[in-house]
Amino acid sequence: MELTERKKKILRAVVESFVQNAEPVGSKAIAQSTDLDVSSATIRNEMAELTSMGYLEQPHTSAGRIPSAKGYRLYVNELMDDYKLSMQETERINSALNMKMQALDRVIDEAGKVVAKLTQYPAFALTAAPEKVTIQRYDLLLVEEKSFISVVMTDTNVVRNKLFRLADDLSESQLQMLGTLLNTGFTALSPEELKTKLAQAARHAAPEAYSLIEMVVSFAVEVLEELGQRSIHTAGLAHLLDHPEYQSLEKAQPLMTLLSEADFGPLPARIDGSVGTDIVIGPENVNEALKDSSVVMASYDLGDGMKGLIGVVGPTRMDYAKISARLAYVAQELSGLFKPGAGSLPPGSGTKE
């Protein structure tokens with residue numbers, strides 16, 4: 001059966017009404033809210049056909065219709081309008097994210113809180129390092145005779161340093177020799193390869209020299225293992241209970257457990273820093289706890305090989321256009337915030353409400 005323009009208008013009206021009111025939509029409401037010059041009876045027949053085609057569902061015999069996952073998918077792909085952020089929305093996002101000098105984890109955590117507050121849905125934000133990060137260079141700086149600072153720089157330009165205190169004196173020449181040894185034999189290696197190389201050094205180096213090598217290389221391994229971990233932040237879990245779909249404990253508990261454990265399993269989008277958003281509706285989700293919910297995500301690129309996703313989880317009757325626009329903007333600003341030479345975020349450019 002062909003999906004005519006009239007059927008598409010009716011489907012769009014049903015989706016947008018259900019998004020706003022969380023109540024099944026009847027033919028009379030559609031007739032009042034659209035410019036369709038047809039009777040309620042005609043609209044009722046069209047809604048019955050949309051139901052038989054799988055785009056709408058009828059929760060009760062006498063009730064109106066609600067969108068199905070198939071109906072939401074058609075709406076997202078073809079029917080929804082782009083949502084333009086207002087000046088107030090862009091200013092609120094910019095103000096909350098303008099923390100360039102603070103630690104990355106805190107920025108990502110704050111971004112998740114901003115999204116949860118803006119959308120009134122639980123939000124998640126995560127970052128992932130490249131598949132392989134290695135140490136590119138070691139710099140050793142003598143502080144005084146019994147202490148030195150080790151500075152390690154990765155091939156993704158991440159720099160970490162640590163102060164080491166020693167029981168015995170250390171000369172500048174000894175420190176230079178140690179730096180040469182480390183830069184010659186302990187760069188461009190994975191954490192496991194560094195450990196193997198360290199074990200080899202234990203068999204051949206003098207005890208005093210090995211003690212210094214072991215200090216610095218162990219620190220380098222810690223840095224690489226830290227950078228290799230996926231960081232996940234969640235915010236606004238309580239917002240889930242604000243929506244009628246999750247007021248039943250049976251419906252809410254599996255999803256809240258999934259979000260609180262910050263373990264999403266195989267996410268339905270790659271962390272690749274690509275432009276745009278990804279919308280996964282109901283049964284399209286891989287995780288069983290998400291089968292009756294939708295996930296909207298946008299990816300960002302922090303530079304230096306660090307990429308991530310920011311998104312929300314909620315009922316299938318989300319306002320996909322508005323949420324996609326907000327997430328895309330946050331992801332864009334996160335990407336711009338950490339670009340080399342980036343300063344403060346640009347002012348909002350939306351229209352005033």
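Which residues touch the most other members of the largest nonpolar core? In this predicted model, local features need pLDDT of at least 70 and side-chain atom pairs count only at pLDDT 80 or more, whereas totals for chains, interfaces and linings use all residues. Residues are numbered from 1 along each chain as its sequence is written, and side-chain values use heavy atoms, with hydrogens and water left out.

The residues in question are I310, V312 and Y320, in a core of 56 residues. A nonpolar core is a set of buried Ala, Val, Leu, Ile, Met, Phe, Trp, Tyr and Cys residues joined through side-chain atoms within 4.5 Å. Buried means under 20% relative accessible area, exposed over 50%, and partly exposed in between (1.4 Å probe, protein chains only). Helix α11 (residues 320-337) supplies the largest share of this core, nine residues. Helices (H or I, at least four residues) and strands (E, at least two) are DSSP runs, numbered from the N terminus. Y320 touches Y72, Y75, V76, M80, I279, I281, S294, V296 and P315, not counting residues up to four places away in sequence. Contact here means heavy atoms within 4.5 Å. Another core, of 28 residues, lies apart from the largest one. Its members include V158, L182, F186 and V223.

The protein has eleven helices and ten strands. Of its 353 residues, 45% are buried. Among contacts with a separation of 6 or more, 63% join residues 24 or more positions apart.

Helix α9 (residues 207-227) packs against two other helices. The axes of α7 (residues 172-185) and α9 come within 11 Å and cross at roughly 55 degrees. Axes are lines fitted to C-alpha atoms, for helices over the stretch in contact, and angles run from 0 to 180 degrees between N-to-C directions. The two helices are therefore oblique to each other. Angles under 35 degrees count as roughly parallel, over 145 as roughly antiparallel, 65 to 115 as roughly perpendicular and the rest as oblique. The crossing of α7 and α9 is right-handed, meaning that the near helix is turned clockwise from the far one by less than a right angle. L178, L181 and L182 in α7 meet L212, I213, V216 and V217 in α9. This contact has seven nonpolar, no polar and no charged residues. Ala, Val, Leu, Ile, Met, Phe, Trp, Tyr, Cys and Pro count as nonpolar, Asp, Glu, Lys and Arg as charged, and the others, Gly among them, as polar.

The axes of α8 (residues 191-204) and α9 come within 10 Å and cross at roughly 170 degrees. These helices are therefore roughly antiparallel. From α8, the contact includes P191, L194 and K195. From α9, the partners include Y210, I213 and E214. By class, the contact of α8 with α9 has eleven nonpolar, one polar and three charged residues.

Two individual positions were also examined. E145 lies in the loop between β4 (135-144) and β5 (147-154). E145 is exposed, with a relative accessible area of 54%. Beyond its neighbours within four places in sequence, E145 is in contact with D168, D169 and L170. The C-alpha atoms of E145 and A167 are separated by 9.9 Å.

S231 lies in strand β7 (residues 231-235). S231 is buried, with a relative accessible area of 15%. S231 touches D105, A125, L126 and T127, leaving out residues up to four places away in sequence. S231 and A128 are 103 residues apart in sequence and 6.6 Å apart in space, C-alpha to C-alpha.
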